[in-house]
Amino acid sequence: MDDIKYDTVKYNASKDYGTPKKFSEKQVSLNIDGVDITVPEGTSIMHAAQLTGVTVPKLCATDSLEPFGSCRLCLVEIEGRRGYPASCTTPVAEGITVKTQTNKLADVRRGVMELYISDHPLDCLTCAANGDCELQDMAGAVGLREVRYGYEGENHLQAEKDESNPYFTFDPSKCIVCSRCVRACEETQGTYALTIEGRSFDSKVSAGNEDFMDSECVSCGACVQACPTATLMEKTVIDAGIPEHSVTTTCAYCGVGCSFDAEMKGDEVIRMTPNKDGGANHGHSCVKGRFAWGYATHQDRITTPMIRKSIHDEWQKVSWDEAIDYAASEIKRIQAEYGKDAVGGITSSRCTNEEVYVTQKLVRAVFGSNNVDTCARVCHSPTGYGLKQTLGESAGTQDFDSVMQSDVIFIIGANPTDGHPVFASMMKRRLREGAKLIIADPRAIDLVENSPHVRADHHLNLRPGTNVALLSAMSHVIVTEGLVKEDYVKARCEWDSYETWRDFVALPENSPESLVEDLGVEPEKVREAARLFATGGNAAIYYGLGVTEHSQGSTAVMGIANLAMATGNLGREGVGVNPLRGQNNVQGSCDMGSMPHEFPGYRHVADDETRDLFEKAWGRPLSSDPGLRIPNMLDLAVEGSFKAVYCVGEDIAQSDPDTQHVTHALESMECVIVQDLFLNETAMYAHVFLPGASFLEKNGTFTNAERRISPVRRVMSPKNGYEDWEITAKLSKALGYEMNYQHASDIMDEIAVLTPTFKGVSFKKLDELGSIQWPCNDEAPEGTPTMHIDEFVRGKGKFFITKYVSTTEKVNNKYPLILTTGRILSQYNVGAQTRRTANTEWHKEDLIEIHPHDAEERAIQEGDWVGISSRAGETVLRAIITERVQPGVVYTTFHHPESGANVITTDNSDWATNCPEYKVTAVQVSRVTQLSDWQKKYQTFSKEQVELTENAITKAVVE
Ligand code: SF4
Ligand code: SF4
Ligand code: SF4
Ligand code: FES
């Protein structure tokens with residue numbers, strides 16, 4: 001065989017190279033079983049052997065984990081060296097000659113296997129892992145024919161199974177104590193839930209407490225993935241058997257955008273396995289993507305279209321043609337009667353790029369207005385605005401891998417371990433390597449001090465609503481203490497804007513001491529954090545909805561960009577401004593023109609050249625007037641001039657603020673068309689229900705928080721009959737405009753023609769590369785991991801004055817506490833998907849967290865029912881008493897509709913984008929004994945709606 005050069009090697013995601021890939025400038029040459037190979041210094045002999053095509057037997061090694069060297073199966077001989085070193089823990093050395101297959105090695109390996117098998121159940125034929133078990137494979141590979149010690153000795157065969165986790169089992173009788181699971185939990189996930197207890201024969205894997213459910217385990221699945229035997233095993237595989245084919249697709253939950261192999265038997269998903277080649281996740285997963293996909297086949301799913309005249313009528317099940325014709329005739333009637341602006345569309349960040357694109361096209365080209373908006377309005381619209389103004393592009397600047405080059409990580413208003421768990425695992429790895437951590441959050445999120453081997457160097461536990469004051473105070477310190485990187489600013493930014501900003505933040509009113517009353521944070525803590533950020537090396541900012549969902553959300557985003565520019569932390573790896581997007585396709589839905597003032601690619605509808613381009617492509621005249629945002633649609637519906645909405649995949653009745661206003665608006669409309677999987681809260685107010693397809697049933701793309709466009713691939717046929725873009729295209733046709741796409745890829749081809757940053761994107765290229773980070777065009781044919789390298793997209797970066805203006809939502813005697821909201825790992829957004837999975841075992845209801853001091857004043861005890869009232873409304877939740885929240889602040893999640901978290905939130909919003917101020921609501925809390933009036937009304941109404949739907953289903957069955 002010819003000499004193998006490392007740079008010509010092509011890695012194969014389905015192959016296990018035994019130990020992780022190493023990176024080094026220095027190359028080392030050696031000979032393995034007669035083949036010369038050159039690899040980076042630090043590579044293990046096992047890994048190098050795999051690259052030559054030789055498989056060395058192994059059990060305790062796998063290429064997602066650092067080698068451990070415990071099983072002794074991978075021994076090799078090295079010419080001139082004594083003994084038999086383990087190839088997994090022995091690095092390559094220049095000029096050595098290695099033999100992996102000799103008679104002596106074969107004897108040793110058989111002996112090792114005999115020991116394992118003598119304490120292992122001999123139930124291979126009935127074992128769930130039969131055919132997918134490394135122990136079985138190794139027994140074959142080493143040629144094991146007999147077990148000389150017999151099977152009667154002391155053993156672990158009666159060890160009790162732990163089935164407490166809803167998704168996987170732990171059967172210690174099959175454990176070979178290789179510790180891959182322990183290391184996966186530590187290295188990959190960073191949770192440290194597992195240990196090896198005891199020594200020698202008594203050593204066993206332990207989850208600390210009695211069972212997995214009581215342990216620190218967060219059900220990420222990394223240990224199950226790493227286990228070479230049937231000890232840790234997915235229950236779906238135990239039930240249904242080993243999958244027979246797989247299709248690579250993308251998780252439909254959060255904005256991390258993990259790549260998965262949907263492993264199938266026929267048309268049934270058996271297991272979702274994180275893909276090693278996934279650009280965002282590198283083979284890791286969290287409980288949602290890995291296990292919580294059963295909602296796609298849940299019995300609650302509605303798969304037949306339904307219509308009705310009034311929301312108090314029973315639903316009628318109808319054919320697709322009838323439903324589409326009815327929806328189209330209502331839109332036509334309403335536009336004829338009330339004008340074209342009486343109708344609009346709402347898209348969702350859960351939709352694919354292609355679905356969002358066709359929906360905004362329908363609104364602009366067929367409805368004839370720009371009345372299209374998206375749920376990104378209520379989460380990250382300030383990101384779009386703030387980053388466009390300062391840097392020139394409405395997107396994060398880095399890829400996730402960049403965090404591994406960061407020296408200082410500044411998290412503000414985000415909770416990555418719950419909201420973006422797979423990225424959080426990578427971030428924790430970097431923190432364990434020594435990066436410093438600054439957290440600005442009113443609440444002590446897990447990363448503050450509740451994650452093993454990670455502790456924030458500074459927790460700035462500011463009062464909700466004061467991010468802008470904090471950013472100004474940190475900037476004040478940086479400017480007045482001479483820590484600005486002036487060379488960078490001079491070269492890269494508009495100097496005039498910098499000077500104006502510098503003079504503004506240097507004002508005494510912006511010092512940490514002057515702002516201490518607003519912030520509630522000791523000035524010296526702010527000063528130390530600012531110094532660390534400016535001088536600690538590569539500093540990266542990660543932020544979430546705790547920044548954007550405020551009356552000054554856009555101001556805070558600009559403040560973040562100012563801070564990054566002033567300290568020279570943009571334009572290379574390890575730094576940057578990184579919005580952590582909540583839902584899977586927040587970035588994509590914004591990119592695709594789902595805002596009322598912008599075409600795809602963030603181009604204003606008033607720009608003549610862009611409008612001309614789209615008019616020519618679509619063959620329809622287009623309006624130059626920005627359309628209605630969701631809050632405008634709702635206000636005008638209540639006033640009586642907005643009459644119909646086409647709502648695709650979005651549940652505004654649960655997710656938007658001031659629920660009673662939203663439901664009043666929906667009740668006021670004459671035609672609400674909902675396209676979704678389930679009869680969600682908005683659908684209860686609908687007149688037309690168009691059943692949608694799950695992510696497993698469609699083709700398309702999602703774009704994650706790092707601008708990574710990833711393929712979504714149909715792994716089973718849609719239970720409702722159509723992919724969602726096809727339904728939108730049908731509605732368009734019924735309204736007289738043919739869209740003429742044959743496949744979702746045709747839609748992406750049109751996007752690429754009309755959108756400069758997507759020019760080079762196609763399904764074919766996605767198949768070749770796996771994923772692509774936009775911009776992808778002639779200058780960057782394979783995409784752009786880091787943005788703004790030589791210059792900002794807008795040319796020079798621009799500083800903006802970010803004056804702190806406190807919110808009008810003030811505490812007073814009547815409402816003395818501030819309610820702020822967030823999410824939890826096991827649930828996702830409005831919970832429509834995760835509530836229909838076993839994830840509810842971790843979070844059955846939304847709870848209100850309250851500080852012991854505030855609880856005591858109100859005689860509230862753990863588990864009490866607590867009434868929470870605000871200027872907008874009242875609801876009742878059960879209390880948790882915890883010092884995670886500071887005195888004066890209460891906190892809840894919003895995953896269950898009956899909680900009514902948004903009954904309390906007000907309609908205050910960001911000055912620039914109308915993003916609601918979810919994070920600050922003045923409330924009072926007190927012990928109560930019954931549900932709120934709203935909750936009672938909600939129960940009655942939702943019961944009525946479920947019955948109206950069930951009646952329709954029953955009738956359809958009888959017919
Ligand atoms: S459970 Fe699996 S991975 Fe963990 S020690 Fe046992 S065999 Fe190894
Ligand atoms: S599922 Fe994840 S968190 Fe739980 S024990 Fe396994 S690796 Fe650790
Ligand atoms: S929910 Fe997010 S972190 Fe979890 S698997 Fe899906 S994309 Fe990855
Ligand atoms: S694989 Fe090398 S010692 Fe186990």
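User: What makes Lys 643 count as lying over the face of Tyr 338?
Analyst: Lys 643 is 5.0 Å from the ring centre of Tyr 338. A charge sits over a ring if NZ of Lys or CZ of Arg is within 6 Å of the ring centre and within 35 degrees of the ring normal, so 5.0 Å passes the distance part. Keep in mind that this is a predicted model, where local features need pLDDT of at least 70, side-chain atom pairs count only at pLDDT 80 or more, and totals for chains, interfaces and linings use all residues. Side-chain values use heavy atoms, leaving out hydrogens and water, residues are numbered from 1 along each chain as its sequence is written, and chains are lettered from A and ligands numbered from 1 in the order in which they are written.

User: Which ring does the charged end of Arg 492 sit over?
Analyst: That's the ring of Phe 792, with 4.5 Å to its centre.

User: How many aromatic pairs turn up in the whole structure?
Analyst: The search finds 25. One of them is Tyr 385 with Trp 911, at 5.7 Å centre to centre and 85 degrees between the planes.

User: Why is the pair of Tyr 385 and Trp 911 called edge-to-face?
Analyst: Rings of Phe, Tyr and Trp (its six-membered ring) pair if their centres lie within 6.5 Å; planes under 30 degrees apart count as stacked, over 60 as edge-to-face and the rest as tilted. With 5.7 Å and 85 degrees, Tyr 385 and Trp 911 are therefore an edge-to-face pair.

User: And what makes Phe 423 and Tyr 542 a tilted pair?
Analyst: Their centres are 5.1 Å apart and their planes 40 degrees apart, so the angle falls in the "rest" group.

User: Is Phe 423 buried or exposed, and how do you know?
Analyst: Buried means under 20% relative accessible area, exposed over 50%, partly exposed in between (1.4 Å probe, protein chains only). Phe 423 has 1%, so it's buried. Tyr 542 is buried too, with 1%, whereas Tyr 385 is partly exposed at 29%.

User: Which residues form one aromatic cluster?
Analyst: Tyr 167, Phe 168, Phe 170, Phe 212, Phe 291 and Trp 842 do.

User: How do the residues around ligand 2 divide by class?
Analyst: There are nine nonpolar, two polar and no charged residues. Ala, Val, Leu, Ile, Met, Phe, Trp, Tyr, Cys and Pro count as nonpolar, Asp, Glu, Lys and Arg as charged, and the others, Gly among them, as polar.
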